[in-house]
Amino acid sequence: FMPKSWALFRVAILSFLLFLSVIFVILLLTISHNPLTISFPYYDTDLSTHYSRFWATFAHFDGVHYLRIAQHGYADWGGQAFFPLYPLFIRLLTPITQSPLDSGLIISWVSLILAILGLKKLFPERPKLFWLLLTFPTAFFFTLVYTESLFLMLSLWFFVFLKKKKWLLSALLSGLASGT
């Protein structure tokens, strides 16, 4: 059991690192060849003052709202449109990382690795199915400070445990997924 699990984990980590490397290269090329034109709220106050342009890019648009909710709670500025689990995880991890952005990225990246593992466990007869997921044009959202990777991971593992008839764990994961 252990060698096979380690092999699956190693494949998930290496696949994630390759995927993230491609995202980094594309981001670096994009930043170096395009002027900065930001037109969404809170960039000047919450992102550009604390992070480099490269790292701030991972929390553009809705990402900055998740960071604000994690830091300030739900204020009267439209934050109520965002579900609470992801910002709560960011808030819980920030005392360790000392950075809400780092916390959000860790949550998203670890969730993506676990989602790849869940996909491989759920569909063992299709061992490379996760490449279809990672090469989809919108897959870069899984690397951002967005809820997508957390939701995907919780949903996939819900089905993994449902297939194993672990009802309580399945119910817990579906409840958590509904909070993302």
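Student: In which loop does F40 lie?

Tutor: F40 lies in the loop between helix α1 and helix α2, the latter covering residues 43-47. Helices here are DSSP runs (H or I, at least four residues; strands are E, at least two), numbered from the N terminus. The model is predicted: local features need pLDDT of at least 70 and side-chain atom pairs pLDDT 80 or more, while totals for chains, interfaces and linings use all residues. Residues are numbered from 1 along each chain as its sequence is written, and side-chain values use heavy atoms, without hydrogens and water.

With a relative accessibility of 11%, F40 counts as buried. Buried means under 20% relative accessible area, exposed over 50%, and partly exposed in between (1.4 Å probe, protein chains only). Leaving out residues up to four places away in sequence, F40 touches L47, H60, F61 and V64; contact means heavy atoms within 4.5 Å. T138 is 98 residues from F40 along the chain, and the C-alpha atoms of the two are separated by 20 Å.

F61 is in the loop between α3 (53-56) and α4 (62-72). Its phi is near 55°, which is positive although F61 is not a glycine. Most residues other than glycine have a negative phi. K165, in the loop between α8 and α9, also has a positive phi, of about 60°, without being a glycine. K165 has 57% relative accessibility and so counts as exposed.

Next come the helices. The loop of F61 leads on to α4, and α4 packs with α5 at an angle of about 60°, their axes 8 Å apart. Axes are lines fitted to C-alpha atoms, for helices over the stretch in contact, with angles from 0 to 180 degrees between N-to-C directions. The angle therefore makes α4 oblique to α5; under 35 degrees would be roughly parallel, over 145 roughly antiparallel, 65 to 115 roughly perpendicular, and the rest is oblique. On the α4 side, Y66, L67, I69, A70, Q71 and H72 take part in this contact, and on the α5 side they meet Y86, P87, I90 and R91. By class, these residues divide into seven nonpolar, two polar and one charged. (Ala, Val, Leu, Ile, Met, Phe, Trp, Tyr, Cys and Pro count as nonpolar, Asp, Glu, Lys and Arg as charged, the others, Gly among them, as polar.)

Helix α5 also packs with α6: their axes come within 8 Å and cross at roughly 120°. From α5 the contact uses Y86, F89, I90, L93, T94 and T97, and from α6 it uses P100, D102, S103, G104, I106, I107 and S108. Seven of the residues in this contact are nonpolar, five polar and one charged. S99 sits in the loop between α5 (85-97) and α6 (100-122). At 8% relative accessibility S99 is buried. Beyond residues up to four places away, S99 touches Y51 and T94.

The axes of α8 (148-163) and α9 (167-178) come within 8 Å and cross at roughly 160°. These two helices are therefore roughly antiparallel to each other. F151, L154, S155, W157, F158, F161 and L162 of α8 meet W167, L169, S170, L173, S174, L176 and A177 of α9. The residues of that contact are eleven nonpolar, three polar and no charged.

S15 has 4% relative accessibility and so counts as buried. Apart from its neighbours within four places in sequence, S15 is in contact with F130, W131 and L134. L17 is also in helix α1, but at 44% relative accessibility L17 counts as partly exposed. Between L17 and W109 there are 92 residues along the chain, and their C-alpha atoms are 9.7 Å apart.
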